[in-house]
Amino acid sequence: MIKLDLHVHSKYSADATGTPAQIMKSIQKKGLQGFALTDHNTLDGAIKAAKELSNNDFIIIPGMEISTKDGHLIGLNISNLIPRGLPVDETVEKILDDGGIPIVPHLYRNMSGIKKEKLQCIKKNIDAIEVYNGCSQPKTNVRTAQVAKEYELGGTGGSDSHMPQYAGLAYTIIDSTDLKKDSILSEITKRTTWGTGVNLPLSYRQERMIRSIKQFYQRGLKRI
């Protein structure tokens, strides 16, 4: 069985800290075999980290958390920058055209979840949604897992950590021992994966929420 944190932010996100190497060290200590680096609207660190830090025992998948017109969307295994601000259905198409896998994170989050209505518009083109987000309220993770089962989608898990020490607390379970990227991505597209873990400390989640609200107003009421 493979455990991967498929939603992690580094210093390449404006609201996060830590290098990919520091995140890797933290995740290895928790017994995971890898992670996806999904910084906000940039691939600046992801592709380099995937190339330089991955090895036979640990994998880093390049990705990006994209700010669509309708909320956030993760693109796994992409190699080109996906423009922000597009409708979520167009963003899904661009991820697929780039050879990536679209994942819907934190479905019910107030300011950045695409919500169930938009999910219905794209469900035919996605294979998995994030059923366990370490920064979300437990009840919304339960609701999202129910939606995944209702739509017969696979699930992923990710810490959504913006600090290295919390990376790996939530993760995706893959029923395989093959750590090759293509094998892992294949399991996601076959809808056989699921997400689990523990929530990040409440104090950290509250701090993140307050900081996000402040940054929202500092950006002129624009989402990240």
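A: First, the ground rules. This is a predicted model, where local features need pLDDT of at least 70 and side-chain atom pairs count only at pLDDT 80 or more, while totals for chains, interfaces and linings use all residues. Residues are numbered from 1 along each chain as its sequence is written, and side-chain values use heavy atoms, with hydrogens and water left out.

Let's start with helix α4, which covers residues 115–122. Helices here are DSSP runs of H or I with at least four residues, strands are runs of E with at least two, and both are numbered from the N terminus. Lys 115 sits in this helix and has a phi near 70°, a positive value in a residue other than glycine. Its relative accessible area is 29%, so Lys 115 is partly exposed. For these labels, buried means under 20% relative accessible area, exposed means over 50%, and partly exposed is in between (1.4 Å probe, protein chains only).

Now the salt bridges, each a side-chain nitrogen of Lys or Arg within 4 Å of a carboxyl oxygen of Asp or Glu. The whole structure has 6 of them. One of them pairs Lys 116 with Glu 150 at 3.0 Å, N to O. Glu 150 belongs to helix α5 (residues 138–150) and Lys 116 to helix α4, so this pair ties together parts that are 34 residues apart in sequence. Lys 116 is partly exposed because its relative accessibility is 26%.

Lys 118 has a partner too: its side chain meets that of Asp 70 in a salt bridge of 3.7 Å, N to O. Asp 70 is in the loop between β3 (59–68) and β4, and Lys 118 is in helix α4, so parts 48 residues apart in sequence are tied together. Asp 70 counts as buried, since its relative accessibility is 17%, whereas Lys 118 counts as partly exposed at 30%.

Then there's Arg 109 with Asp 160, a salt bridge whose closest N and O atoms are 2.9 Å apart. Arg 109 lies in the loop between β5 (101–104) and α4, and Asp 160 in the loop between β7 (154–158) and β8 (170–174), so the pair links parts 51 residues apart in sequence. Asp 160 is buried because it shows 3% relative accessibility; Arg 109, at 25%, is partly exposed.

Next come two polar contacts, meaning pairs of N or O atoms within 3.5 Å; within protein, one must be able to donate a hydrogen and the other to accept it, and residues adjacent in sequence count only if both atoms are side-chain atoms. The side chains of Asn 77 and Lys 181 make one at 2.9 Å. Asn 77 is in the loop between β4 (71–76) and α3, and with 16% relative accessibility it counts as buried. In the other, the side chain of Thr 42 reaches the backbone nitrogen of Asp 44 at 3.0 Å. Thr 42 sits in the loop between β2 (34–37) and α2 (46–53), and it is buried, as its relative accessibility is 10%.

Asn 41 is also in the loop between β2 and α2. Its phi is near 55°, a positive value in a residue other than glycine, and it counts as buried at 17% relative accessibility.
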